[in-house]
Amino acid sequence: MLKRFLTRLRRDESGATAIEYGMILALMFLVILGALNAFGATGSGIFNGAMDMLRSAMGG
């Protein structure tokens with residue numbers, strides 16, 4: 001009985017797709033997180049420079 005259950009469990013692939021989608025989603029999250037860490041300081045510097053130029057143009 002246990003052998004038959006284990007054989008059936010091994011052949012069942014219904015949860016495999018959900019696991020694969022979860023792994024793809026986790027990988028995408030890690031790539032986005034890495035990109036934000038790599039380019040976060042650059043984007044902040046550009047934003048701060050633009051704000052400084054606007055302040056000086058407005059006389060402040």
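In the predicted model, the accessible surface of the protein chain amounts to about 5,800 Å². Carbon and sulfur atoms account for 70% of this surface. Buried residues represent 0% of the 60 residues in the chain.

The secondary structure of the protein chain consists of 2 helices and 0 strands. The radius of gyration is 26 Å, well over the 10 Å that the globule rule gives for 60 residues, so the chain is more spread out than a compact globule. In terms of overall dimensions, the C-alpha atoms fill a box of roughly 85 × 15 × 10 Å along the principal axes. Helix α1 comprises residues 2-11, and helix α2 comprises residues 16-57.

Two separations between C-alpha atoms illustrate these dimensions. The C-alpha atoms of S44 and A16 are separated by 41 Å, with the two residues standing 28 residues apart along the chain. For L27 and A57, which are 30 residues apart along the chain, the corresponding separation is 44 Å. Both S44 and L27 are found in helix α2. With regard to accessibility, S44 is classed as partly exposed because its relative accessibility is 37%, a value between the limits of 20% and 50%. L27 is classed as exposed because its relative accessible area is 54%, and the cut-off for this class is over 50%.

A nonpolar patch is present on the surface, formed by L2, F5, L6 and L9. Together, these four residues contribute about 410 Å² of accessible area. One of them, L9, belongs to helix α1. The relative accessibility of L9 is 48%, and this residue therefore counts as partly exposed.

Charged side chains were examined next. The protein chain carries 6 positive and 4 negative side chains. The centres of these two sets lie 18 Å apart. The structure holds 1 salt bridge, which is formed by D52 and R55. In this pair, the closest N and O atoms are 3.1 Å apart, and the cut-off applied to a salt bridge is within 4 Å. Both partners are located in helix α2, where a spacing of 3 residues places them about one turn of the helix apart. D52 has a relative accessibility of 46% and therefore counts as partly exposed. R55 likewise is partly exposed, because its relative accessible area is 46%.

Note on methods:
Residues numbered from 1 in each chain as written. Predicted model: local features only at pLDDT ≥ 70, side-chain atom pairs only at ≥ 80, totals over all residues. Heavy atoms only, no water. Patch = residues over 30% accessible without salt bridge, like charges linked within 9 Å, V, L, I, M, F, W, Y side chains within 5 Å. Areas by Shrake-Rupley, 256 points an atom, 1.4 Å probe, with all protein chains shown as cover. Salt bridge = Lys/Arg side-chain N within 4 Å of Asp/Glu carboxyl O. Helix = DSSP H or I, 4+ residues; strand = E, 2+ residues; numbered from the N terminus. Buried < 20%, exposed > 50% of the residue type's maximum accessible area, 1.4 Å probe, protein only. Rg over C-alpha atoms; globule rule 2.2 N^0.38 Å. Lys, Arg positive; Asp, Glu negative; His and termini not counted. Charge placed at Lys NZ, Arg CZ, Asp CG, Glu CD.
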